[in-house]
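These notebook entries record what I looked up in one structure.

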Amino acid sequence: MLEASENEDNRNNERDHAITTLFLNCGMRLSELVGINLKDLDFEDCQMTVIGKGNKERTNYLNKKTKDALIKYLKIRDNSHDNNKKRNNALFLTFYGYRMSQFTINKIVKRAYRKAELDENVYTVHTLRHTYATNCIKTNIDVKTLSETLGHANVNITLNRYVHTSLDFKKQQINKIE
């Protein structure tokens, strides 16, 4: 999906790829991504501030691919918007310089699913959050760290939602051994 979004040929390619990359590499909710402002990014420490459910603030970390996608987008961000409209400090802007809506970002993700030949009616924006969490569990990330990254109120939520997936995955891998 990341490859498909990176190679898409449209005027918003850098922005749309940065959005998809953030979802898949940071496990954010749609509302959290919409709410990101420029001041929330800290490229020096490879992190960003995210405002989650209940207005709780947390830190998410940027891997190299995510940082690179954001930097590439930011290089063209200010040059690709209508200069007559008031700019705001939102990270992701529409062509006219306004903060992107959840509806618009949802359309972008659905288009990325289509490009990747995945069924956009089966997969959602929230599926990307689950994909991130499942991948973290599969790579043996500490569950407490994952819980904090996802903004869960307590670690039991993370355990209940994602550890069983990891156990099923491990069983499948063991059954492949002959």
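Entry 1. The model is a predicted one. As background, nonpolar side chains in soluble globular proteins tend to be buried together.

Entry 2. I looked up the surroundings of Met48. Beyond four places in sequence, Met48 touches Leu22, Cys26, Met28, Ile36, Asp40, Leu41, Arg58, Thr59, Asn60 and Leu62.

Entry 3. I turned to Ala18, which lies in helix α2 (residues 13–26). Is Ala18 buried or exposed? Ala18 is buried, because its relative accessible area is 1%, and the cut-off for buried is under 20%. Its contacts beyond four places in sequence are Ala69, Leu70, Tyr73 and Phe92. I also checked the pair Ala18 and Leu70: they are 52 residues apart in sequence, yet their C-alpha atoms are 5.4 Å apart in space.

Entry 4. I next examined Asn37, in the loop between α3 (30–34) and β1 (41–42). Asn37 has a relative accessible area of 12% and is therefore buried. Which side chain does the side chain of Asn37 join in a polar contact of 2.5 Å? I found that of Arg99. Arg99 is also among the residues that Asn37 touches beyond four places in sequence, together with Asn89, Ala90 and Leu91.

Entry 5. I checked the length of helix α5 (residues 102–115). At 1.5 Å a residue, its 14 residues should span 20 Å, and its end C-alpha atoms are 20 Å apart, so the two values agree. Within α5, I listed Ile105, Ile108, Val109, Ala112 and Tyr113 as buried. These residues are on the same side of α5, because they cover an arc of only 145° around the axis. The background is that an α-helix has 3.6 residues a turn, so residues three or four places apart point the same way. After α5 comes Glu117, with a positive phi near 60°.

Entry 6. I searched the whole structure for salt bridges and recorded 7. One of them joins Arg111 and Asp16, with the closest N and O atoms 2.6 Å apart. Since Arg111 is in helix α5 and Asp16 in helix α2, the pair ties together parts that are 95 residues apart in sequence. Arg111 is partly exposed, at 27% relative accessibility, whereas Asp16 is buried, at 2%.

Entry 7. I looked up two further salt bridges. Arg29 and Glu32 meet through their side chains at 2.6 Å, N to O. Arg29 is buried, with a relative accessible area of 11%, and Glu32 is buried at 2% relative accessibility. Glu120 pairs with Arg114 in a salt bridge whose closest N and O atoms are 2.9 Å apart. Glu120 counts as buried at 19% relative accessibility, while Arg114, at 44%, is partly exposed. Lastly, I noted that salt bridges with shared partners join Arg15, Asp16 and Arg111 into one network.

Methods: Residues numbered from 1 in each chain as written. Predicted model: local features only at pLDDT ≥ 70, side-chain atom pairs only at ≥ 80, totals over all residues. Heavy atoms only, no water. Helix = DSSP H or I, 4+ residues; strand = E, 2+ residues; numbered from the N terminus. Buried < 20%, exposed > 50% of the residue type's maximum accessible area, 1.4 Å probe, protein only. Polar contact = N/O pair within 3.5 Å; in protein donor to acceptor, adjacent residues only side chain to side chain. Contact = heavy atoms within 4.5 Å. Expected span 1.5 Å × (residues − 1). Arc of directions from axis to C-beta. Salt bridge = Lys/Arg side-chain N within 4 Å of Asp/Glu carboxyl O.
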